[in-house]
Protein chains: 2
Amino acid sequence: MPPLMKIVILAHDVLLEHYGKTARGVYYYSSHEIIGIVDRKHAGMDASQLLHGRNVKIYHSLKEIKEDYDALLIGSSPIGGKMPEEWRDDIKLALLQGKIVISGLHDFLSEDEEFRKIAERTGAKIWDVRKPPENMRVADGSGRFANTVLVAGTDCAVGKMITAIQLTIEAKKRGINAGFIATGQTGIMIGADAGVVIDRVPGDFMAGVTEDMVKKVSKEKEIIFVEGQGSLSHPAYSGVTLAILHGSYPKKIIIAHDPKRVHHFGYQDFKIPPLKWHIEMYEKLAESVSGGKVVGIAIDGENMSDDEMEKYKDEIENEFNLPAEDVFHNGANRLLNAVLER
Amino acid sequence: MPPLMKIVILAHDVLLEHYGKTARGVYYYSSHEIIGIVDRKHAGMDASQLLHGRNVKIYHSLKEIKEDYDALLIGSSPIGGKMPEEWRDDIKLALLQGKIVISGLHDFLSEDEEFRKIAERTGAKIWDVRKPPENMRVADGSGRFANTVLVAGTDCAVGKMITAIQLTIEAKKRGINAGFIATGQTGIMIGADAGVVIDRVPGDFMAGVTEDMVKKVSKEKEIIFVEGQGSLSHPAYSGVTLAILHGSYPKKIIIAHDPKRVHHFGYQDFKIPPLKWHIEMYEKLAESVSGGKVVGIAIDGENMSDDEMEKYKDEIENEFNLPAEDVFHNGANRLLNAVLER
């Protein structure tokens with residue numbers, strides 16, 4: 001865990017878009033002090049007007065920010081993780097100022113020749129959050145005794161990370177010694193008890209790296225909430241999903257789900273199978289390794305009215321006899337009950 | 001495809017063991033000329049006495065081989081892929097002689113300081129088969145029109161690669177323009193129309209790299225047989241398995257299975273679920289992406305008597321109405337019929 005810092009979030013054009021989920025996650029959940037957000041699209045506004053959280057001014061570029069800061073945090077994760085070239089000037093300025101640049105992009109900024117040279121000269125630091133750890137290993141089954149809860153999902157970007165964080169916060173409020181394991185860049189940036197960007201880890205080691213985190217955190221925590229990735233039905237990311245399901249050895253599973261989403265996000269030719277399919281698949285695949293059961297549904301109600309949400313929650317609870325909750329608005333109280341009681 | 005070479009296979013201690021499957025695969029199926037096998041355990045014998053294939057002398061060390069050769073091929077793939085230190089002398093000698101060293105180990109020999117320096121001096125070449133390709137990408141669904149058959153399995157080392165090769169050979173015999181895609185080091189070493197060691201590819205790109213191969217080969221071939229990896233129930237490798245299932249977009253699936261194996265190989269705490277479970281899981285998970293169906297079972301009968309094999313084949317055919325075949329001994333004729341007719 002890095003110490004608390006004053007940070008600036010770089011989020012050109014994406015603050016309200018799908019690919020700005022890292023920026024929003026850090027905005028809502030991080031304990032860092034946020035000095036400003038750089039987004040040319042919403043420059044001049046305050047983030048509280050758009051996102052209804054803390055007050056943070058939005059600037060057109062980094063050079064407009066006069067207040068001192070410690071780190072520039074890149075708050076976007078585009079498909080494939082490539083860096084849009086129009087961000088280069090802001091990143092260069094932060095490096096010229098000798099700051100820390102925190103990036104979750106697939107392209108490692110520390111391997112960019114221009115960035116590397118500036119950092120060498122000014123003493124700036126580049127932290128590529130996606131860089132896999134050293135000494136990775138194949139899973140050996142030794143993590144299977146940990147008390148873990150996996151937050152899985154029916155697609156990308158349906159609230160898995162937020163649900164895992166909310167469950168951890170709620171458990172701590174009740175005096176439970178709970179831990180959070182991040183498997184994506186946003187969770188690591190917000191702050192986790194352990195975190196590796198699993199989709200960047202070579203296939204053979206994905207489950208083993210997850211298992212290593214579970215073993216490490218379970219020495220200190222009585223229950224661990226693990227952020228899942230992707231979906232078992234996703235044409236591109238399902239391998240990462242299954243590796244985390246097996247490598248985290250969950251005893252309980254929460255499924256995050258957006259009822260309004262018909263196709264996988266960005267994959268208009270691939271329909272998302274029904275929630276029922278996902279409940280069955282997660283349980284059947286867990287069966288052979290950890291025997292975890294689905295105990296609740298976290299609903300991503302971004303595009304639902306309050307009435308729709310209430311109706312949908314009732315439907316789910318009747319069909320599957322599982323509690324369903326809009327965690328983003330109502331917190332994880334009811335889902336935590338399900339985790340502890342089922 | 002490399003040109004045909006004279007090769008020496010390095011396989012100390014493992015020639016008849018599980019971890020010698022690369023050595024045996026190359027011995028049985030490669031079109032390279034095999035000058036000798038280095039295995040201190042069986043030195044002095046001929047491979048034909050042990051493996052019942054072509055005549056190849058077995059030596060105690062590389063320095064005993066006086067005949068000229070082009071390449072030393074490392075014929076083992078231990079768990080995690082680390083190189084046993086006792087192989088160092090043989091590899092050094094090949095590099096000192098200016099030969100090609102072909103390796104499928106996780107540890108890249110080209111990054112070993114001592115090996116690298118010798119190769120620089122002598123002009124020897126190190127080919128690390130597991131090195132991922134450059135310009136990898138996330139799957140986008142564009143490979144879904146290819147006519148692919150995936151050979152999946154219930155565990156590691158149950159004959160997936162051999163079955164895919166036998167199906168390709170049998171199809172070519174019938175005048176069908178068939179291709180073979182390798183996803184592991186042995187298949188690549190034997191020779192494939194395209195090949196990447198998928199378990200070495202970062203999680204996000206596993207399906208995309210598979211899709212790229214499928215698209216490339218399908219431009220030239222009317223049917224493609226894809227080597228699967230691991231098993232959906234495997235605690236360490238299931239993520240790789242599912243990424244290949246989705247990234248290869250199979251229309252038909254063959255499942256390779258060893259009926260005598262109770263636990264996952266090397267994982268005595270993890271029982272392999274029944275064949276029925278695997279048939280259902282492969283089909284249900286394929287459903288959301290390519291809709292592939294299981295059309296036959298390839299039985300690994302290594303530890304079965306002829307009577308047991310016949311009885312088991314009948315059982316499978318009755319229970320699932322699927323043809324079952326001992327491909328290793330009987331070829332892939334019946335399974336190819338199933339692929340073409342079902």
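# Briefing: a two-chain predicted model

In chain B, 7 strands make up an open sheet with parallel pairing, in the order β9-β8-β10-β7-β11-β14-β15. Two strands count as paired if DSSP finds at least two bridges between them, and the elements are DSSP runs numbered from the N terminus (helices: H or I, at least four residues; strands: E, at least two). The model is predicted: local features need pLDDT of at least 70 and side-chain atom pairs count only at pLDDT 80 or more, while totals for chains, interfaces and linings use all residues. Residues are numbered from 1 along each chain as its sequence is written, with chains lettered from A and ligands numbered from 1 in the order in which they are written.

**The sheet of chain B and its helices**

- At the edges sit β9 (194–195) and β15 (324–325) of chain B, each pairing on one side only.
- Strand β14 (residues 293–299) of chain B runs parallel to β15(B) and is joined to β15(B) by 2 bridges.
- Within that pairing, Ile297(B) has Ala324(B) as its bridge partner in β15(B).
- Helix α10 (residues 306–320) of chain B packs on the sheet, where it touches β14 and β15 of chain B. Contact here asks that two C-beta atoms, placed from the backbone, lie within 7 Å.
- The direction of α10(B) makes about 170° with that of β14(B). Axes are lines fitted to C-alpha atoms, for helices over the stretch in contact, and angles run from 0 to 180 degrees between N-to-C directions.
- Helix α12 (residues 333–341) of chain B also packs on the sheet, touching β7 (148–153), β11 (250–257), β14 and β15 of chain B. The direction of α12(B) makes about 180° with that of β14(B).

**A covered strand in chain A**

- Strand β8 (residues 178–182) of chain A is mostly covered, with 5 of its 5 residues buried. A residue is buried if 20 or more other C-beta atoms lie within 10 Å of its own, exposed if 12 or fewer, and partly exposed in between, with C-beta atoms placed from the backbone.
- Both faces of β8(A) are covered: Ala178(A), Phe180(A) and Ala182(A) are buried on one side, and Gly179(A) and Ile181(A) on the other.
- In a regular strand, side chains alternate between the two faces of the sheet.
- Strand β10 (residues 223–227) of chain A pairs with β8(A) in the parallel sense over 4 bridges, and in β10(A) the bridge partner of Phe180(A) is Phe225(A).
- Strand β9 (residues 194–195) of chain A pairs with β8(A) in the parallel sense too, over 2 bridges; here Ala182(A) has Gly195(A) as its bridge partner.

**Two domains in chain A**

- The domain assignment gives domain 1 (6–128) and domain 2 (148–341) for chain A; the bounds come from an automatic or database domain assignment.
- The C-alpha centres of domain 1 and domain 2 of chain A lie 27 Å apart.
- Their contact takes 13 residues from domain 1 of chain A and 11 residues from domain 2 of chain A.
- On the side of domain 1 of chain A that touches domain 2 of chain A, helix α1 (residues 21–29) of chain A gives the most, with 5 residues.
- That side of domain 1 of chain A divides into 5 nonpolar, 7 polar and 1 charged residues. Ala, Val, Leu, Ile, Met, Phe, Trp, Tyr, Cys and Pro count as nonpolar, Asp, Glu, Lys and Arg as charged, and the others, Gly among them, as polar.

**How the two chains meet**

- A rotation of 180° with 0.0 Å of shift along its axis superposes chain A on chain B (RMSD 0.0 Å), so the two copies are related as by a two-fold rotation axis. The superposition is by least squares on the C-alpha atoms of residues with pLDDT of at least 70 in both copies.
- The same surface serves both copies, as 100% of the contact residues of chain A recur in chain B.
- The contact takes 36 residues from chain A and 36 residues from chain B.
- On the side of chain A that touches chain B, the elements giving two or more residues are α7 (206–218), α8 (238–247), β13 (267–271) and α9 (275–287) of chain A.
- The largest share of that side, 6 residues, comes from α8(A).
- The residues of the side of chain A that touches chain B divide into 21 nonpolar, 9 polar and 6 charged.

**Residues to look up**

- His52(A) has a phi near 60°, a positive value in a residue other than glycine, and sits in the loop between α2 (47–51) and β3 (58–59) of chain A.
- His52(A) is exposed, because 8 other C-beta atoms lie within 10 Å.
- Lys276(A), in helix α9 of chain A, counts as exposed with 10 C-beta neighbours inside 10 Å.
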